[in-house]
Amino acid sequence: MTSVRAESLERERSVGDRPVMTLLDVEKHFPIKDGVLQKVVGHVKAVDGVSLEIRRGETLGLVGESGCGKTTLGRCISGITAPTGGGIYFRLSDVDRAALEDILEIPEKDRTTEQRRTLERIDSRHLITALTGDAWRAYRRNCQVVFQDAFSSLNPRQLVKDIVGRPLRIHKEASGAELTERVVSLLESVGMGRQHLFRYPHQFSGGQRQRISIARALALDPEFIVLDEPTSALDVSVQAQILNLLHELQRDRGLTYLFISHDLGVVRLMSDRIAVMYLGEVVEQGTATELFERPRHPYTEALLAANPDLDADVDKEIEGLEGTVPDPANPPEGCRFHTRCPVVTPICGWEVDDVVSWLSVETDLLESMTAVERRSNFDATLAFADDGSADDVAKAISNGSMPPAMSPALETVSVEGSKVLVRFRPVPPVELEEVEPGHVTSCVLHTSRQRELRRE
Amino acid sequence: MTSTAAAGVSAEGATGALVASVQDLSIHFKTKAGMVHAVDGVSFDIRDGETLGLVGETGCGKSVTARSFMRLVASPPGVYAGGKIDFWSSEARAAGGGPVNLLTIADDEMLEIRGNRIAMIFQDPGKALNPALTIGNQLAEVFYQHRSDELLEPLGPNAPVIIRRAAKQESGKVERVLLKLPPLRSKAAKVREEVEDRVAAALAETQIPNPRKIMDRYPHELSGGMKQRVLIAQALACNPDLLIADEPTTALDVTIQAKILKLIGELQQRRRTSVLYISHDLSLVREISDRVAVMYAGRIAEIGRTDDVFREPLHPYTRSLMAAVPSSRNKRGELAAIEGNVPELIDPQPSCRFHTRCPFAAGVCGDVDPRFLRHDFEHGVACHIYDEPAAIGIRPDELPSFERRIR
C-alpha cells in the first residue's frame, strides 16, 4: 500500500462514529413482463422503502426469510444493481443528511435554486448511483462483497494468485513480483499461505474457498464489506473459524460489515445492531441484545420461536408460522405481516384479498366465485355464480367463522342478488417508530397506533 | 472392529423391538486416487417407533449410510465392502419371521421394500420431484407400484387381466389403446378414481389445503414448504416401517422448518413409524430425536440417548462440535472453532479419524483404531480416552468440564 493512501485512510478512520452507508427509502422493483410485446404488467417489490444507516466500525445484521429482499438490498448497496427508487449514500455526514432530508420532503417543483444546487452537490459526492470517475472508483474499492457460495463466486479457471490479485491489478495497485507479495500477505491474513498461490478453486475445501473470497475482498483495503450469508454453506466447525476470522479482521482493520444471514444465532453473535426484514421492508431494528431479549415485532418473535437453540430449555418446543410469504408483486395492505401474524388486530390492514384467501382455505365457497370487482384493495364486489352461494358467503362472514380480528375491521357486508359487497376500513401502511432509544418497530401493538387499538 | 461392542450396547440397552440393525457397515468408493472409505464400520440399531438422529458434518458418510438402506448408492463407483443391514418389516414380524439383509436380498425383493416398507425424504424437494409430472400423477405411482391389489378392490375379484396389468402400470402400447375402448374404459376409470381418492387422502394428511387442486399442479407451482409436504405425503403413502429423512428441512426457512418438523412428528406418532433423521444441525437433532448418533469421517464417534449426549458429550469431537455452535454466551471472535479440516478418507491407516484435530490426541490415536465402548446405560463412545487413559495421559474425569450446560 502506498504511504499516502495509508495516511489518508488513517485520518478518515479516526473520525469514528461517522456513517459509512446511509439508505433513504431505497426501492428495488423488478418489472414483470408478459405477452408477445413483453409489456410490463406489474412489479416485484423486492425492496420497498428501506432506510438504514451503517456507521463506521459496526456490524449491522440483516435477517429475514428467503425472498424477503435482504440479498437484493445487499446487491443494491454494493453497487451491483441500481435501486429503482430512493438513494444510497456513501459517507454522508450528519449535517448533509439533515439538509438532504429537508430538501427531499419538498416536492421537486417547489424547490428553490439553492436547494437544487445543494441537492446536486450532495448527490454528486455521495449518492452511489450518481458517482462518476474517481469518486466511483473510490467507492468501488471501499465497498466489497463476500458471497454465500464461494465456489460459484471464484473463477474456476483462474489460479488463486490471479483471483486475489485481480482487484489490485484493475486498480493498478501493484504488478509483477510486488503483486505476488501482496497476494501472499493477503492470504496470510486469512490463515492461508504462499503454498496456495498456484492452485485452482476446486482444490480447496469450502472453508478455504471462503477464505480466498475474503482475501479478495480485502485486497483493496476497503472500509465496508457486504457479507452475504458468508457461512451458510459451511459446517459449524468451519463456520466458527470463518466467524472468528471475520471478527479479527474487523478489529484489526476497522472494517464495517453488513452481515446478511438467515441464521439468528450467527447474526446475534456477529452484529452490533440487527434489522429484521419481511417482504421488502424493515419491520424491526435495534441492538442485537435488545432485539433478542425484548423483540417488539411478532415476526421477530416468530423467527426466534422457530429457531432451534442448543442453549434453550429442552422442553421448549419450536413453533412455526402459518401460511406462506405473500406475493411480493402484490404485498398486503397495512402491516405486511398481518396475513400470518399470530397476534393480529383489527387495525393491521385487512383487505379484500384476505377474504378471498380465507374463503379458499377455510370454505369451498370460492369454487362458485366468478369475479372480483375491486374499487380499491379495501373495497370490492365479489360476484358468484348464483344467489345461493352469495347468501352462504354473507352468512359465513356474519356467523363468526372469520378470523376474530378480521370481522371487526369489516365496515360493510351486503348482498345484492348474486353479488356480495365487502368494504373494509382503509388503513395506511405501517411506519417504523422508535419504541426505545435505537429500537424501532412497525408493529401497531407497540407504536402510536396502539391508542387507536385501545379505542376499538 | 466395532461391531461386537456396538451390538452389545444396543442389545443390553434395548427397550423395544428393532426395526433395523446396521452392523459393521462399510461402503467404499473407487476413485483414481484410491479407495475412499466413506462409511467405515458403522453399527447402530433403530428401534420400533423411535427417532434416531444421525448428525455429522459434510462428507462424514451420513447420507451414504442412509442411502445404503435402500441400496441407492450407485455401484460402481460405490462398493458395499462389508457388514449388513438387518431389517424387520412389520409383515415379517407379524408372521414371526426374521430380518432380511437389505444389502444382499434380490432386486425384486428390494423393489417391494423400497418406497413401501422403507421410504425416504430428500433434502431438496425441488430436485426430488419430477418437474414433468403433476403432483397427482407423481403420487399415484406409489400406489400403482405397491398397492395395485387394493386399487382393484372396487372391481371385485374378477377384474380382467388387462386392468390388473394397468393397475401395476405394466400395460403395453396395444393394451393402452384397448383401455380407452368402451368395455374396459369404465373399469380403468374406476381404478383411476380409486387412486385419486388415495392420493387426495395422502395429501390431506400432510395438511395441504385443497388437495384436489394441488394434484393438478406441477412442482414448480408450489412453494418449498409445500413441495416438502408433498414428498412427505409420498413417503408416508404406504405406511412405511422406517422413514429416512435426509436433511428434509435444510432448504427451508426456519418458520417453515418448524411446521414440517411438527408434521413429521405428528404423523410418526399416529403411525408409529421409526425415523432415521439425518442432519448437520445439532440443535435441530436435539429437538426431535430420541437417540443421537454422531458420525465423523465414516465412523460413529458417539451414540446415546439425546439427553445424555447433549448433557454429557463423551467424545472430544462431539464436545468440540457443540462448542462451535454460536451461542449468546460466546464473545465475538471467541467461538471455539475446530482447527483443521476433515481428513482425506483414501485408503486410511488404522487410527482415530479425529486425531488430526483432537485437542487430547496422543501417539496411540494415530496408530490404533479406537474400540467402541459402552460408557453407561445406552451411551457408547469410540475414543481412546475411555479405553486406555494411560496411553493418552488424560483420564475421562480429568477432561475439562463441558461448558455448554443445558438449562
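This is a predicted model: local features need pLDDT of at least 70, side-chain atom pairs count only at pLDDT 80 or more; totals for chains, interfaces and linings use all residues.
The contact between the two chains draws on 36 residues of chain A and 39 residues of chain B. On the side of chain A that touches chain B, at least two residues each are supplied by α9 (236–253), α10 (264–270) and α12 (298–306) of chain A. The largest share of this side, nine residues, belongs to α9(A). By class, the residues on the side of chain A that touches chain B comprise 15 nonpolar, 12 polar and nine charged.

Helix α12(A) contains several buried residues, namely Pro298(A), Tyr299(A), Thr300(A), Ala302(A), Leu303(A) and Ala306(A). The partners against which these buried residues pack lie in both chains: β3 (59–63), α10, β8 (273–278), β9 (281–287) and α11 (288–293) of chain A, and α13 (254–271) of chain B. Two packed helices are described by the angle between their axes and by the distance between those axes. For α12(A) and α13(B), the axes come within 8 Å and cross at roughly 50 degrees. The two helices are therefore oblique to each other, and α12(A) passes α13(B) in a left-handed crossing. At this crossing, Ala302(A), Leu303(A) and Ala306(A) of α12(A) meet Val254(B), Thr255(B), Gln257(B) and Ala258(B) of α13(B). The contact of α12(A) with α13(B) is made up of five nonpolar and two polar residues, with no charged residues.

A further helix pair is found within chain A. Helix α6 (residues 160–170) and helix α7 (residues 176–189) of chain A pack with their axes 9 Å apart, at an angle of about 115 degrees. This angle means that α6(A) and α7(A) are roughly perpendicular to each other, and their crossing is right-handed. From α6(A), the contact involves Lys161(A), Val164(A), Gly165(A), Leu168(A) and Arg169(A). The residues contributed by α7(A) are Leu179(A), Thr180(A), Arg182(A), Val183(A), Leu186(A) and Leu187(A). Six nonpolar, two polar and three charged residues form the contact of α6(A) with α7(A).

In chain B, helix α10 (residues 182–205) has 24 residues, which at 1.5 Å a residue should span 34 Å; the end C-alpha atoms of this helix are 35 Å apart, in agreement with that expectation. The buried residues of α10(B) are Ala188(B), Val191(B), Val195(B), Val199(B), Ala200(B), Ala202(B) and Leu203(B). In an α-helix, residues three or four places apart point the same way, because there are 3.6 residues a turn. The buried residues of α10(B) pack against α6 (135–146), α7 (148–151), α8 (161–167), α9 (173–179), α11 (211–214) and α12 (224–236) of chain B. Following α10(B) is Gln207(B), which has a positive phi near 60 degrees.

When residues up to four places away in sequence are not counted, Ala405(A) touches Val344(A), Thr345(A) and Pro346(A). Between Ala405(A) and Ile347(A), the C-alpha to C-alpha distance is 8.5 Å, although the two residues are 58 residues apart in sequence.

Terms used. Residues are numbered from 1 along each chain as its sequence is written. Chains are lettered from A and ligands numbered from 1 in the order in which they are written. Two residues are in contact if their C-beta atoms, placed from the backbone, lie within 7 Å. Helices (H or I, at least four residues) and strands (E, at least two) are DSSP runs, numbered from the N terminus. Ala, Val, Leu, Ile, Met, Phe, Trp, Tyr, Cys and Pro count as nonpolar, Asp, Glu, Lys and Arg as charged, and the others, Gly among them, as polar. The expected span of a helix is 1.5 Å times one less than its number of residues. A residue is buried if 20 or more other C-beta atoms lie within 10 Å of its own, exposed if 12 or fewer, and partly exposed in between; C-beta atoms are placed from the backbone. Axes are lines fitted to C-alpha atoms, for helices over the stretch in contact, and angles run from 0 to 180 degrees between N-to-C directions. Angles under 35 degrees count as roughly parallel, over 145 as roughly antiparallel, 65 to 115 as roughly perpendicular and the rest as oblique. A crossing is left-handed if the near helix is turned anticlockwise from the far one by less than a right angle, and right-handed if clockwise.
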